[in-house]
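This report describes one chain of the structure shown below and then turns to the places where chains meet.

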Amino acid sequence: MDGMGQKVLDRAEFGALFDALGGEGYTIIGPTVRDHAIVYGELGGVEDLPIGWTDVQEAGEYRLQRREDQALFGYAVGQHSWKKLLFPPTTALFEVKRNNGSLHFVPSEVADTRYAFLGARACELAAIGIQDRVFLGNGTVDRTYQAGRRDVLMVALNCMVAGGTCFCVSMGTGPRCTSGYDLVLTEVIEDGRHEFVLESGSEAGQRLLALLPGRLADDSDAAAVDRIVAETAASMGRSMDIEGIKELLYENLEHPRWEEVASRCLSCTNCTLVCPTCFCSSTEDSVTLDGDSAQRSRRWDSCFTLDFSALHGVPVRNTTKDRYRQWMTHKLASWYDQFGSSGCVGCGRCITWCPVGIDITEEVAAIRATHGALR
Amino acid sequence: MMFPPTAVAARDVIEPMLPRPFRVSARRVETADTVTLEMEPDDGQGLAFTPGQFTMIYVFGIGEVPLSISGNPQDPSTLVHTVRSVGAVTRAIVGLEVGDPIGVRGPYGAGWPVGRAEGHDVVVVAGGIGLAPLRPVIYAMLANRERFGAVSLVYGSRTPADLLFGDELHIWRSRFDLEVEVTVDRSDEQWFGDVGMVTGLLPRISFDPANTVAMLCGPEIMMKVVARELETRGLAPDDIHVSLERNMKCAIAFCGHCQFGPDFLCRDGPVVPYSHVAQRLTVTGL
Amino acid sequence: MNLQTLRETSPLLAKLSNTELEFFESVSSVVGLKGGEVLFEEGGPADTFYVVSEGRVGLEMTSPGKTPMVIQTLGPGDLVGLSWFFAPHRWNWRARALSDTTVVAFDAAQVRKRCRENRDLALEVLGVVSAELAARLHRTRIQLLDLYRAP
């Protein structure tokens with residue numbers, strides 16, 4: 001490790017990170033407890049973090065639980081992802097005024113944001129990288145996404161615990177943050193010490209690091225980080241075999257498992273809403289009461305809704321089977337053709353937040369186990 | 001380093017979701033539920049397009065739909081669409097009158113392989129409203145007729161009353177350098193033309209299967225059946241092109257609605273080689 | 001009329017050996033029809049079948065108070081009439097020329113007799129007639145789907 005780009009802050013010094021980010025004009029977004037869940041919201045200071053909390057996650061199951069220590073980051077991801085800030089659930093596109101029989105289109109203002117994302121995990125950096133390719137590297141640039149994304153300062157986090165539905169190791173996205181951050185921190189709680197090892201990954205991170213107190217890191221700190229990441233990697237709640245997965249799914253579009261999973265799936269769209277890479281959207285129009293102006297906005301949509309595929313009012317994907325198959329084959333197979341990577345980062349949110357506990361890793365395993373079966 | 005460099009370069013991109021104001025300049029009733037509209041841009045800046053491309057047409061306060069361009073690519077000053085009333089937005093478009101304003105985005109998508117067809121025989125097969133997206137191809141080929149081999153149009157319609165572009169069909173039929181065959185599923189008392197499916201007319205037209213490009217547009221089942229028939233007659237699946245239709249909200253590969261397997265049909269289509277999609281076209285609910 | 005030329009467009013004639021083609025020629029005659037002229041009547045004996053050389057023939061059935069509705073049109077190379085091959089050898093439809101048309105007429109009884117004597121020929125003819133039946137059934141099924149109706 002390069003000692004110049006590293007610092008170790010004591011728990012008592014950690015508030016200085018908030019001060020430094022605030023001083024640079026950033027709005028700090030990070031994990032906080034709300035309605036018995038850890039969500040991403042604006043943080044005023046260290047005290048807003050879920051101090052001493054952890055989460056218990058299983059398929060269709062999420063609850064908070066007290067930790068035995070006062071860790072700041074002792075939990076996995078919740079139902080929120082950074083997507084809600086970079087690709088907001090609703091976005092105004094334009095206003096159109098009708099004046100003397102002519103239309104005047106006025107693009108909506110793009111909010112001027114300057115976010116610092118505190119506690120973005122490796123899987124989430126991967127998810128943001130995937131959405132970068134969707135919204136910035138896919139031929140056309142999405143101005144809303146671009147405006148939000150451009151000024152984000154990324155304070156990433158090496159996970160100290162793995163959730164019950166995590167499988168980032170299988171997807172090759174974590175738990176160690178390797179790129180895409182300005183600063184990365186690792187929380188170290190051992191032998192009576194409670195510290196944070198910070199490493200910069202950019203010039204902005206380097207500048208910020210210089211503003212912070214703390215001591216320079218040494219080899220033992222690096223070893224502690226390695227140990228923590230290794231322990232997290234070894235305690236993944238799930239795993240998924242992705243060897244040849246694109247071909248596996250393309251070759252099994254008529255596999256009986258789709259009918260089976262469809263008999264459980266409620267088509268509720270939860271998995272697509274919590275997924276940090278799902279990017280589908282629809283448009284909505286509204287007219288003012290005087291009839292002289294109208295607005296057009298964009299909102300998240302889901303391939304699980306019946307009208308998502310409607311062609312002249314008739315859905316192409318008429319059954320839950322069609323829609324589940326679309327979602328999973330898009331996520332795990334056609335995404336490679338479209339964007340050069342999997343659309344899944346192994347965060348486990350779709351498993352945890354599925355009301356009936358459908359587990360994408362289990363579905364892949366079931367198809368793999370009976371590859372080639374026909375209805 | 002944090003931010004993808006491609007995005008920084010494209011910082012001042014024009015608004016991809018913002019329509020341009022146009023106005024209906026002519027309206028012609030084609031059938032009981034279909035009209036052809038000519039539209040002109042408020043700013044006088046024409047909309048150049050290649051045959052097979054589509055635009056997103058926005059009707060004030062109601063919504064936006066993708067519509068294939070049915071006009072002449074040689075004359076981009078006027079945007080022409082042939083629209084069938086099949087939903088809330090298309091119903092509103094069909095009801096527009098001369099002078100009414102609309103919004104237009106585009107053109108979008110991959111069109112017909114007109115350039116690739118040069119030096120080849122060309123077989124154009126249209127079904128129902130599917131003739132509209134193919135009309136620009138006919139215009140393009142007639143404008144440079146010497147660049148193509150034998151050119152034929154086979155057009156199937158539900159009834160004689162559902163035929164589009166009647167006057168033009170008549171003119172095209174009278175040309176010696178264009179073979180036109182028209183058939184209907186159900187005849188009426190005034191109809192003296194052919195009755196039956198378009199595939200029944202394929203044996204009548206002349207083309208060299210080893211040197212032919214086919215372009216098909218119509219209901220998916222019709223395109224599949226015609227493509228298989230052309231394959232049987234010796235055309236390579238790579239030389240058969242079909243135009244596919246799916247729900248579209250953005251036309252710029254963001255909204256996800258038009259996905260068909262790995263393809264965003266708004267960008268990778270709507271025109272695709274049959275070979276590329278033949279297998280997918282047999283899967284229900286994809 | 002030279003059957004060799006018609007062979008290029010007619011799947012039936014294309015299948016025949018030169019010997020058989022000569023036989024077919026010996027039981028054939030060329031018929032010229034004005035537009036509107038009837039080739040055979042619905043319910044009549046199917047003792048002749050035809051291959052269109054030029055023009056178009058429509059298959060239709062009469063109905064009270066209505067102009068006969070054409071359900072299928074046949075053009076150059078097409079076989080007009082299939083019932084001659086199957087007992088009881090009676091036409092189901094009326095065939096009428098839709099424009100000035102030239103057809104080649106074949107004596108069905110002679111061809112059937114020849115088929116009984118020559119199994120190879122019988123198989124070839126059966127193959128062509130069945131393929132034509134299958135193609136017409138397929139096209140009719142697609143037509144039944146009424147694909148071009150408003151969604």
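Chain C holds 5 helices and 8 strands, where helices (H or I, at least four residues) and strands (E, at least two) are DSSP runs numbered from the N terminus. Read from the N terminus, the elements of chain C follow the order α-α-α-β-β-β-β-β-β-β-β-α-α. The model is predicted: local features need pLDDT of at least 70 and side-chain atom pairs count only at pLDDT 80 or more, while totals for chains, interfaces and linings use all residues. Residues are numbered from 1 along each chain as its sequence is written, and chains are lettered from A and ligands numbered from 1 in the order in which they are written.

Along the principal axes, the C-alpha atoms of chain C fill a box of roughly 50 × 35 × 30 Å.

Two residues are in contact if their C-beta atoms, placed from the backbone, lie within 7 Å. The two interfaces are listed here.

| Interface | Residues in contact |
|---|---|
| Chain A with chain B | 50 residues from chain A, 41 residues from chain B |
| Chain B with chain C | 24 residues of chain B, 23 residues of chain C |

On the side of chain B that touches chain C, helix 6 of chain B gives the most, with 3 residues.
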